[in-house]
Amino acid sequence: MNSSRREALVWKTNRFYSRYGSEVENLSRLVEVNLAQLCLAYALSNQLPREALEVVTRVKPLTSFLDKLERLGWPDFYYPTDVIRDLIGARVVCWFIDDCAGIRQMIEQSHGFRVQRDETEDFIANPKPSGYRSIHLMADFTYDSVSGSDGHGELTPRTMVCEIQIRTRLQDAFGQLTHDFPYKFPNLESGAEYQETVARMAESLAEQDRAASQIRKLVREVYRHEQREGFSTASKPEPGMSPRLPGDA
C-alpha cells in the first residue's frame, strides 16, 4: 500500500487515542457498571450468588488497534468503530453454562444496550472447528457525551458500539490459553496436530461444563438457605441495594 496513506492512518489513530482515550476508558467503565447491574438482577432472580457472574471490560490498546488495521489492509475510517467494532470489549463469565443464554436474554432486553441481533454469533450452540465456545454480541451502548464552548458544558446523547462476550469459566480459560497462539506462532494453527489437540481439549472442558451444571441446583438451594438464615424481616435491604452475604466486608 501507499506508505503516505499508511502514515496518515497511523497519525489519525494516534490522534484519536490522544484526544479521546480517556473518554473511551470512562465509557468502558460505564459499560462494566451497566453489565454488572444486569448480572446482579439476573443472579437475584435466579437465586444465585452475585459472584456466579463476573464482568470484565477493556479498551483495545493502541498497538492492538494498529495491528488489526494492518491485518485489514489499512482501511480508511472517520471514527475507529467504523472499521474495528471491538474498541470497547466486555466479557461476562458465568459459573454455569445454563446461565449464558439467560444473561444474553437479559442484555437483549435491557434499556442501556441495543443488541444488533443480525451480528450475534453463538459459538456455544455452534462451536468453532477449534472447539472455541462463547456467545458474541455487538451492542450499541447509549451514554451522555460532554461537549463545551464558551465556558458552557452540554450533554449530548451518543452511542458507542461494543462487543460483549458471554462464556463459562472453563470456556474463558480455553479462550485465553489459545488466543495468542496463532499470533505468536503463525504456522501453528494450520497444523493438524494442533487442531486435533485443542479440539479434544475443548470437548473435554465442554463435558466438564455439562457436569458442573448439575451443581447449579445445589448452589441455588444453599444460597436460598443462607438468605433465610442470614436475614430477619426486621433488617431488609434498602431499595436498589443488593443483599449482603455472610462474610461480606
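Student: How many cavities of 30 Å³ or more does a search of the whole structure find?

Tutor: The search of the whole structure finds two cavities of that size. Before we look inside, a word on what you are seeing. This is a predicted model, so local features need pLDDT of at least 70 and side-chain atom pairs count only at pLDDT 80 or more, while totals for chains, interfaces and linings use all residues. Residues are numbered from 1 along each chain as its sequence is written, and side-chain values use heavy atoms, with hydrogens and water left out.

The pLDDT is the predictor's confidence in each residue, from 0 to 100. Its mean for the protein is 85, and 85% of the residues reach 70 or more. Over residues 232–249 the pLDDT is below 50, and this stretch has 14 contacts (heavy atoms within 4.5 Å) beyond near neighbours in sequence.

The protein has six helices and six strands, where helices (H or I, at least four residues) and strands (E, at least two) are DSSP runs numbered from the N terminus. Along the sequence they come in the order α-β-α-β-α-β-β-β-β-α-α-α. Confidence is highest in strand β2 (residues 88–94), at a mean of 97, and lowest in helix α5 (residues 181–184), at 67.

Now to the empty space itself. Rolling a probe the size of a water molecule over the atoms shows where empty space is left. On a 1 Å grid over the protein atoms alone, a cavity is a set of points where a 1.4 Å probe fits but cannot get out, whereas a pocket is an open set with protein on both sides within 12 Å along at least five of seven lines; lining residues have an atom within 4 Å of a point. Grid points are joined across faces, edges and corners, and a volume is the space filled by probe spheres set on the points.

The largest cavity holds about 60 Å³. Its lining consists of Gly131, Arg133, Leu170, Gln171, Phe174, Ala202, Leu205, Ala206 and Asp209. By class, the lining has five nonpolar, two polar and two charged residues. Here Ala, Val, Leu, Ile, Met, Phe, Trp, Tyr, Cys and Pro count as nonpolar, Asp, Glu, Lys and Arg as charged, and the others, Gly among them, as polar.

In α4 (residues 169–179), the residues Gln171, Asp172, Phe174, Gly175 and Thr178 are buried, meaning under 20% relative accessible area, with exposed over 50% and partly exposed in between (1.4 Å probe, protein chains only). Seen down the axis of α4, these buried residues fall within an arc of 160°, so they line one face of the helix. The arc is that of the directions from the helix axis to the C-beta atoms. An α-helix has 3.6 residues a turn, so residues three or four places apart point the same way.

Helix α6 spans residues 192–230 and includes serine 213. Serine 213 counts as buried because its relative accessibility is 17%. Leaving aside residues up to four places away in sequence, serine 213 touches Phe96, Ile97 and Asp98. Serine 213 and isoleucine 97 are 116 residues apart in sequence, yet 6.6 Å apart in space, C-alpha to C-alpha. Across the protein, 70% of contacts between residues at least 6 apart in sequence join residues at least 24 apart, and buried residues make up 38% of the 249 residues.

For contrast, turn to an open space. The second largest pocket has a volume of about 430 Å³. Its lining has 18 residues, and Phe16, Arg19, Tyr20, Tyr78 and Tyr79 lie nearest its centre. Helix α1 (3–45) and strands β5 (135–149) and β6 (152–168) each supply at least two lining residues, and the largest share, seven residues, comes from α1. This pocket lining has ten nonpolar, three polar and five charged residues.

Helix α1 also contains tyrosine 17, which counts as buried at 16% relative accessibility. Apart from residues up to four places away in sequence, tyrosine 17 touches Lys60, Pro61, Leu62, Phe65 and Leu87.
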